[in-house]
Amino acid sequence: MSRPLTARIDLAALAHNLGVVKAAAPHSRVLAVIKANGYGHGLLRVAHGLRAADGFAVLSVDEAAQLRGAGYTHPIVLLEGFFHPDELSEIARLRLRPVIHRQDQAEILARAHLEHRLDVLLKIDTGMHRLGLPPARVAEALATLRAAPHIGGITLMTHFARADEPGVGVAAQMATFREAAGGLELPITLANSAALLRYPETHADWVRPGIMLYGISPFSGQTGADLGLLPAMALESRLIAVRRIRQGDAVGYGASFVAEHDLNLGVVACGYADGYPRHAGSGTPILVEGRITRTLGRVSMDMLCVDLTPVPNAHVGSPVTLWGAELPAEHVAERAGTIAYELLTAVAPRVRVEEI
Ligand SMILES: *Cc1c(COP(=O)(O)O)cnc(C)c1O
């Protein structure tokens, strides 16, 4: 038998979650965000599961070319635009839609000789202070783009910094956006998953859900299941050793766990080189034979240890769930001081993938 660690990807869950998006934002088109290798689930696999979306958003021309190569004719948005003018001819040839977030990009684009008209998105910084034009520079960028004969449609865009936080919301950024976009009569895209779920006023022409499509909640303290979502990934492995340890025995590197009493310990084929978070300390929830138990000691590169006290019949080969439908990735992430976005996107290329 080969190493048992497997990421099981559920295409029906992706389609279900897309349905939740459409029900929540029935008047908007859906730009499915599938950057970072489809949030770690596999770019083409996820595109297939989400083929009923109205468009896809990725980061690189390379990702977009894979989608075009697989036959997808959807609009494809490049969320960070183009990185170098050399990319523009390929962007035009593949009919991609770059996000323009700096005035010099608008100027480069206006000067370029392109074989096709290009639709673009113009990103406005409304308060996150990451990418985007300051509101006062929007008119200048629009004038530059509109003067270029090969620029087709222009969609206005912004991104929220705190849509997931209770009580903070999107009001200030929305007000800034309205002021910057007032009277322009252009299509608009604003909402990530959190805004889509919590603030219907952000839905506009296109919504841009990412994490919720994979069945994960954008809100801390809630899981995808609480929102009617189904997790698209289960990370599963097996025990590769079972041993009895005595009270006072230490487990793993740094002896960070010392047994409070005699116990059965299981060794799981999954470590931080697989993407399991090393910052998840002793006590992180994990399932053995479907029973909830806890990790013990530090996560190693290729293995981690678990307490088998709640699973007395566990044996070499017993199934282990690192996260999945019965153990939300959100709970593991919380113990590791991170978010499920990071866990999913960190799943390593060496982990075998199975589609269900
Ligand atoms: C990643 C990303 C999204 C999706 O965000 P989620 O929180 O995963 O829904 C939307 N818009 C932009 C610009 C992004 O970079």
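**Setting up.** I worked from a predicted model, where local features need pLDDT of at least 70, side-chain atom pairs count only at pLDDT 80 or more, and totals for chains, interfaces and linings use all residues. Residues are numbered from 1 along each chain as its sequence is written, and side-chain values use heavy atoms, with hydrogens and water left out.

I looked up the largest pocket and noted a volume of about 990 Å³. A pocket is an open set of points on a 1 Å grid over the protein atoms alone, with protein on both sides within 12 Å along at least five of seven lines; lining residues have an atom within 4 Å of a point. Grid points are joined across faces, edges and corners, and a volume is the space filled by probe spheres set on the points. The lining has 43 residues, and Tyr39, Asn192, Ile211, Ile339 and Tyr341 are the closest to the pocket centre. I sorted the lining into 21 nonpolar, twelve polar and ten charged residues; Gly counts as polar, Tyr as nonpolar, and Asp, Glu, Lys and Arg as charged. Domain 1 (11-217) and domain 2 (233-355) each give at least three residues to this lining, with the bounds coming from an automatic or database domain assignment.

**Ligand.** I found 13 residues around the ligand, with Lys35, Tyr39, Ser193, Ile211 and Tyr341 the closest; a residue counts if one of its heavy atoms lies within 4 Å. Next I checked polar contacts, which are pairs of N or O atoms within 3.5 Å. Ser193 has a polar side-chain atom 2.5 Å from a ligand oxygen atom. For Ile211, a backbone N or O atom lies 2.8 Å from a ligand oxygen atom. His159 places a polar side-chain atom 3.5 Å from a ligand nitrogen atom.

**Cavity.** I then looked at the largest cavity, with a volume of about 50 Å³. A cavity is a set of grid points where a 1.4 Å probe fits but cannot get out. Its lining includes Lys123, Asp125, Arg130 and His159.

How values were computed
A polar contact is a pair of N or O atoms within 3.5 Å; within protein, one must be able to donate a hydrogen and the other to accept it, and residues adjacent in sequence count only if both atoms are side-chain atoms.
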